[in-house]
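Trainee: I have a structure open here and would like to go through it piece by piece. Can you take my questions as they come?

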Amino acid sequence: MQRILVTDRAPGAAETCADLLRDFDSLVRLYRPRIFRFMMASLRDRESAENLTQDCFVRAYQARHQFRGAASLTTWLMQIAANLIRDHENSRRLKFWRRHLGAVPDFAGLSDWIPDGQSSPEAAAAAREQVEAVWSAVRRLSERQRTVFLLRFVEEMDLQEIAAVTGMKEGTVKSHLFRALQAVRAKLEDRK
Amino acid sequence: MNRHLTSRAITSFLASFGATNDDRHLRECAACQAELASFQSSLALFRDSIRHWSEFEEHRNAMVSTTENHLDCFIVSASLDEPWYRDFAANLREAVSPASLPPLEVTSRPIPVREIWGLYGRQKKSWLLSLAFQTLVVAVLFATASNPTVRQAARPAFDFYVPLAMTAPKPKTQGGGGGGGRSVLPPSKGRLPKPALKQFTPPAAVTNNLNPKLTVDPSIVAPPDMALPQIALNNDGDSLAKLGTFSNGPGSGGGVGSGKDGGVGPGFGPGAGPGSGGGFNDALYRLGAGVSAPVLLYKVEPDYSEEARKARHQGTVVLNAVIDATGHVANPQVVRSLGLGLDEKALEAVTKWRFKPASKDGKPVAVTAEILVTFHLL
């Protein structure tokens, strides 16, 4: 948890960003968990997620001189990550046999990762159901809606950041988010 | 404002980062707050699960970058960076000829375990009881099955129909008869007596009664208009026999030949020839005189021949044919020809016709009949 909290360091201070870009090691160490998490949530495949996380930092490294500090480092890296995910989704259709190669990850197993703290077995079971419902709804979302949803509720970004990362207007982000939420909520109500 | 927020409104509130007109209601209404909180808690659970999961996955293979190897992480492993065709080829190779596995090393050893048959193991008493019971069952079955009453009751009763196609073919000889005078000599050749529907006197080659009180012409039973072989002899006798001393033959019951019952020949009955029951030889009944006419059941229209069509030739072909006891047409012959291929067409068609056979005394018999096939152009 500590690591995640560190990545939420207040962005923007130009000299901090410049320092970090010069010391790319620490930048990677700082942001890698977050990028990896976003990749995992989007792709649900550990191998691809690791691969794309590496790609993301390679691209960032190659383009580090073009970073002007106009946005935060988080936003910048997330933007690269979102672009990579989109490219990956597009090319995945051509590599349909790939999924037979590696071990097929168990998508439905997310409910095993609910943090402890439920008082009773009933509450734990309820929490498990809720998480499975949200997860199955997210799996069925379109790529844009899912990205927006994950950025908002997993990465806890605000509207301007999401708009910057996805390159959409704020209104568009809102409507995508609304649709995604509607789908998730419908799924949750179904479970009840 | 006592109306609660709709599901949509709550979603909208979350999606718009809390900047809607429903703020005030949310602040006041406990029910809506609870609704919102429950939704948010679900999402929070989801967020925490994702974070937990990704953290675990990240550390699972100790992929966390340390200062020593973090640059290695940038190098994409060779297996992931292969072009797709190599990948595909490797898969194909593996499917066609999989690499052989190293020989299996057996590290386990069998150990004795308990008997698996139930709690009590095998027991002699149970075995004997089972044997006795099964023997009893078999014995009871045998006893009941061999009881005559039971067997009578259980005898399957069903009607047995012989299919029409399976009936044995009738002997070709239909009519016939035979007789004789218990002579040691074979029957002698002679003319056949005239056919009649009723026989009063059997024919005889040797007349035993020289002074009969009432003379009646001998006859054989056959259709009166039947054509009998004409033998240029003055005495009665068997038309198929050899010339020789006059004799009635070794048969019995009057008549001539080796048969029985007042006819001529080796058959049985008052007719002539090897058959039985009257008539001549294998001669066929003709219509009339107690023989019902065959009835046409199935008819094939004859084709017109090409030449006859061109010549606009019309008319009637008269055929003579045998309609046998199964209703088939056999041996059709042209009596009156039309020519131009129409005769052949008529013959071809008629052989496919089917009749209900003629019957005498309720039994199907073969008859000769004339069949007229008319050809006319429309």
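**Chain A, then chain B**

Mentor: Start with chain A, which has 192 residues, 47% of them buried. Keep in mind that this is a predicted model.

Trainee: How many helices and strands does the secondary structure of chain A come to?

Mentor: Chain A has 9 helices and 0 strands. Read from the N terminus, its elements go α-α-α-α-α-α-α-α-α.

Trainee: And the contacts in chain A, what share join residues at least 24 apart?

Mentor: The figure is 65%, taken among contacts between residues at least 6 apart in sequence.

Trainee: Which residues of α7(A) are buried?

Mentor: Q145(A), R146(A), T147(A), V148(A), F149(A), L150(A), L151(A), R152(A) and F153(A).

Trainee: What does S42(A) touch?

Mentor: Leaving out residues up to four places away in sequence, S42(A) touches I85(A), E89(A), R146(A) and L150(A).

Trainee: Where does S42(A) lie, and is it buried or exposed?

Mentor: S42(A) lies in helix α3 of chain A, residues 24-43. Its relative accessibility is 1%, so S42(A) counts as buried. The side chain of S42(A) also reaches the backbone oxygen of F38(A), at 2.9 Å.

Trainee: What about E156(A), which has a positive phi? Where does it lie?

Mentor: E156(A) lies in the loop between α7 and α8 (159-166) of chain A. Its phi is about 55 degrees, and E156(A) is not a glycine. E156(A) is partly exposed, with a relative accessible area of 43%.

Trainee: On to chain B. What order do the strands of its open sheet have?

Mentor: The order is β7-β6-β11, for 3 strands with antiparallel pairing. β7 (329-336) and β11 (367-375) stand at the edges with a single partner strand each, so one side of each has no neighbour in the sheet. From one strand to the next, the twist averages 30 degrees.

Trainee: How many bridges join β6 of chain B to β11(B)?

Mentor: There are 9 bridges between β6(B), residues 315-323, and β11(B). In that pair I323(B) stands opposite V367(B).

Trainee: And how many between β6(B) and β7(B)?

Mentor: 5 bridges, again in the antiparallel sense. Here L319(B) stands opposite V334(B). β6(B) and β7(B) form a hairpin with 5 residues between the strands, and G327(B) takes a positive phi near 95 degrees.

Trainee: Where does R312(B) lie?

Mentor: R312(B) is in the loop between α7 (306-311) and β6 of chain B. Its phi is near 50 degrees, a positive value in a residue other than glycine. R312(B) counts as exposed, at 53% relative accessibility.

Trainee: Last one, L342(B). Buried or exposed?

Mentor: Buried, with a relative accessible area of 0% for L342(B). L342(B) lies in helix α8 of chain B, residues 342-350.

Trainee: Which residues is L342(B) in contact with?

Mentor: Setting aside neighbours within four places in sequence, L342(B) is in contact with Y304(B), S305(B), A308(B), H313(B), V317(B) and F375(B). Also, L342(B) and E306(B) are 36 residues apart along the chain, and their C-alpha atoms are separated by 9.3 Å.

Key
Residues numbered from 1 in each chain as written. Chains lettered and ligands numbered in written order. Predicted model: local features only at pLDDT ≥ 70, side-chain atom pairs only at ≥ 80, totals over all residues. Heavy atoms only, no water. Helix = DSSP H or I, 4+ residues; strand = E, 2+ residues; numbered from the N terminus. Buried < 20%, exposed > 50% of the residue type's maximum accessible area, 1.4 Å probe, protein only. Polar contact = N/O pair within 3.5 Å; in protein donor to acceptor, adjacent residues only side chain to side chain. Contact = heavy atoms within 4.5 Å. Pairing = 2+ DSSP bridges. Axes fitted to C-alpha atoms, helices over the stretch in contact; angles between N-to-C directions.
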